[in-house]
Amino acid sequence: MRSILKPHIEKIEKELTCFTCEELFTDPKILPCLHKFCLKCITLVLESGETQHFECPICKARIYVQDGDASKLPSSFYDNALLRLLQNMKNESFPLQKGLTECESCSKPESLVAFCPQCDGLICEECVTLHKAIKQLRKDHQPTMLDDFGQESVYSFVKNEMLCKEKSHEKNKLEYFCQEDSCKQSVCQKCAILYHQNHRMQILEEASEEFKRALQVDTNQVKQLREKYNEELEQSKTNLERIQCEIEVAKKEVHDTVQAIFKMAEDHESTICQALDDLLEDQKLANDDEQRDVNEELLKTQEFELYSKIIAERSLSLEIIESKEVLQHRSQTLLETPSILCNKPIQRNATVRYVTSPQVKKLFQDIGYIVVTVTAPTQCTIESLQDVRCGFVNEFNIITRNADGKVCPTRIESIDVRIKDVEGNEVEKKVSEEQTGKYRVSYKAEKVGRYEILVNIAGSPIKDSPHNAYSLDFTYVKKFGEEGHGQGQLHYPRSIALKENEEIAVSDGGNNRVQIFNLTGNFLREFGKKWMGEGKLFKPNGIVIIEDRIFVADQPESKGRIQEFDNNGTYVQTLYRPDKWFLPSGMCVNDDKNIAVCCEGNEIIGIKPSIKVFSKQGDLVHEFDTPDNNEQPRYITYGNGKYFVSYLNKSCVHVFDSNGVLLYSFGEKGKKDGQFDSVGGLAVYGPDMILVCDMNNHRVQLFTQEGQFIKSFGSHGSGVGQMYCPVDLVATNDGRVFVLQCGSKQVQLWH
């Protein structure tokens, strides 16, 4: 039996061992950091110091003890109960030796088979039976067979130790919790009656459950804190790994730089040494020539000396007399011969040495250095942020700085940019490094409203974060054109077309021509001349551009036609001109690069108003009628597989699918938002919006392609940002809008 309980005893002893004295707790106290120590151990630590503070031996937290009295620290009910359990499990009745011992319940020497916490020890099988048979014992005692003894048995014992501490109440169970601020304690029923009348009382189990729920909230928050610490720990590890990698890269760069310098130095050494060798070789060759000439002259002097000596030794008077003139002449010749060294090009005073360039010395003193930059998020800013353009790529910059406010680089991986649309959904973005300390953020906005921009660097928000940006605030930029007949002047303009964000073309109906401008409004060229013949123009109306071809609809003698010109205005062909009555107006291009044309009807001759779709070769692909024969189609545009059509003197827009089936209409007569007074030209704006010229309300309105009003801009007048009968418009991919005005004969640019 001892072997059965031994593991549990060892486990409990381990749990109840003080960290400081390494013995079983005596009056265990709980510190604010939740670590537990003996009262005497804490007292000894306090007495060794001079303040009411000490450091937890385990976690090193600084602990304050009121009045320096450790007994005022909270006691551990659970540990005190475990100590009593351990004492019971190790009491005298515990079978420490072979043979029978006394049962703690009946005091008879029996084989002990169970542990009863209420009996304070081991009991025999007969007492176990009595515990089960007698009602009062069955109610108050919870014996556990030794074979089944486990943690639940420990909890059962501890639970039964929840007894009142008041004198004469020691056997009473704690049943209530007093909620009064002056009490805040668990009490038995007798205490509740005697000492806590009119107090707010709560059943102990209910109070416990309530606190458990509150504790769960705290636990969840602490869990989140723990997860945050784990994330920070991981970030710290990652940061160290990054630093290690950067240092390794820096070491390699140092090594490569030094090796490159070594290579340059070795190449320099080789070149200079070769030059020195070549210099020495030249000197040797010159010196050899010099010595050869000197030796020749030396030999001549030696020959003269020898010859003179021989004659002198023979002492023959006649020979001496006869040789006198020859010897004197030879002597004079030798003496008059100039010095060999003076006639040679060798510089006798030349010295050779190697001089190190001062720049090289300076270079080697300052080959490179270590740069450690620490980005300060509070100094970093969002810059160049503009209003959001829905459907277009928007950009802004992040400038990173150090604590001194100086621009410095940072790791692009540490920049966390989150952009949320009006519905709280994150928008896809791209961050790229433009230059040192400058990072460009690109994103595409799809929805109208407020966009929240949050930027963190290394987990901390930068100075401007979070920052809000708002979509769709059209701003007047400039205007160009005026009434007249000269270049850049307009007279009853009808339509406007855009060429791949490069140029715009205006059908100048009253001047019977087409004028081409660049996107800044500068006149480039014109073509057309009033006449009926091919390549001429008569009151041109609709106009579209496909690649490098310009297609123009005009109306000579009410027999309309569509002509094709090249980019310079040279006539190419007449795309379509029927024999019968044909009156084209607005045009657009669909996904198949086919041309859709608004065609007015003539009830008298039985021609219905319709939309005709032609290929670039002039073939009629298909056509569809308007819902009402009294509605004359005027302008048309195409987007997302749908045609948007306006009508002469009508205040609505009809929307058709690509096959010409009417899907829906939007708009009505009026001056309010979403209402019209005669609709003019239309243009797709962004991925799912449509711009509409509200001609007689002298404004442009923006809608979703489903017809929901978003915004309008412009008002009646001739002032800045005012309009007079906007008739047509185009929009570039970056959100610029060019509005053609029939009334003021000009083009306005909005952005």
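1. Buried here means under 20% relative accessible area, exposed over 50%, and partly exposed in between, with a 1.4 Å probe and protein chains only. Helices (H or I, at least four residues) and strands (E, at least two) are DSSP runs, numbered from the N terminus. Two strands count as paired if DSSP finds at least two bridges between them.

2. This is a predicted model, in which local features need pLDDT of at least 70 and side-chain atom pairs count only at pLDDT 80 or more, whereas totals for chains, interfaces and linings use all residues. Residues are numbered from 1 along each chain as its sequence is written, and side-chain values use heavy atoms, with hydrogens and water left out.

3. Strand E32 is mostly covered, since five of its five residues are buried. Ser610, Lys612 and Phe614 point one way from E32, while Ile611 and Val613 point the other way. Lys612 is buried along with the others named, and a colleague may wish to look at that side chain in the model.

4. The sheet around E32 is open and has four strands in the order E30-E31-E32-E33, with antiparallel pairing. Strand E30 (584–589) and strand E33 (620–625) are at the edges; each has a single partner strand, so one side of each is left without a neighbour in the sheet. Neighbouring strands of this sheet are turned by 20° against each other on average, direction ignored; axes are lines fitted to C-alpha atoms, for helices over the stretch in contact, and angles run from 0 to 180 degrees between N-to-C directions.

5. Strand E31 (residues 595–599) pairs with strand E32 (residues 610–614) in the antiparallel sense, over five bridges. Across this pair, Ala596 has Val613 as its bridge partner, and Cys598 stands opposite Ile611. On the E33 side, E32 is again joined in the antiparallel sense over five bridges, with Ile611 opposite Phe624. E32 and E33 form a hairpin with five residues between them. In its turn, Gly618 has a positive phi of about 100°.

6. Two residues lie between E26 and E27, and Glu547 in the turn has a positive phi of about 55°. Val544 has Phe551 of E27 as its bridge partner.

7. Strand E27 (residues 549–554) is mostly covered, with five of its six residues buried. E27 is also joined to strand E28 (residues 561–566) by six bridges, and the two run antiparallel. Here the bridge partner of Val552 is Gln563 in E28.

8. An open sheet of three strands has the order E8-E7-E9 and antiparallel pairing. Its edge strands, E8 (121–124) and E9 (144–145), each pair on one side only. Strand E7 (residues 112–116) pairs with E9 over two bridges and with E8 over four bridges. Phe115 stands opposite Thr144 in E9 and opposite Leu122 in E8. The hairpin of E7 and E8 has four residues between the strands, and Asp120 there takes a positive phi near 65°.

9. Two serines in loops also have positive phi. Ser107 has phi near 65° and lies in the loop between strand E5 (101–102) and strand E6 (109–110). Ser107 counts as partly exposed, at 46% relative accessibility. Ser315 has a positive phi of about 55°, although it is not a glycine; its place is in the loop between helix H8 (204–314) and helix H9 (317–336).

10. The peptide bond from Ser465 to Pro466 is cis, with omega near -5°. Pro466 lies in the loop between strand E19 (460–461) and strand E20 (467–470).

11. Val360, Leu363, Phe364 and Ile367 make a nonpolar surface patch of about 320 Å². Patches are made of residues with over 30% relative accessible area and no salt bridge; like charges are joined within 9 Å, and nonpolar side chains (Val, Leu, Ile, Met, Phe, Trp, Tyr) within 5 Å. A salt bridge is a side-chain nitrogen of Lys or Arg within 4 Å of a carboxyl oxygen of Asp or Glu. Accessible areas come from the Shrake-Rupley method with a 1.4 Å probe, and for residues only the protein chains shown count as cover. Val360 lies in helix H11 (residues 358–365) and is partly exposed, with a relative accessible area of 34%.

12. UniProt lists residues 208–260 as "coiled-coil region" in an unreviewed entry. UniProt positions are given in the numbering used here, feature names are shortened, and annotations may be inferred rather than shown by experiment. In the model, the span 208–260 is 100% helix and 0% strand, and its end C-alpha atoms lie 75 Å apart.
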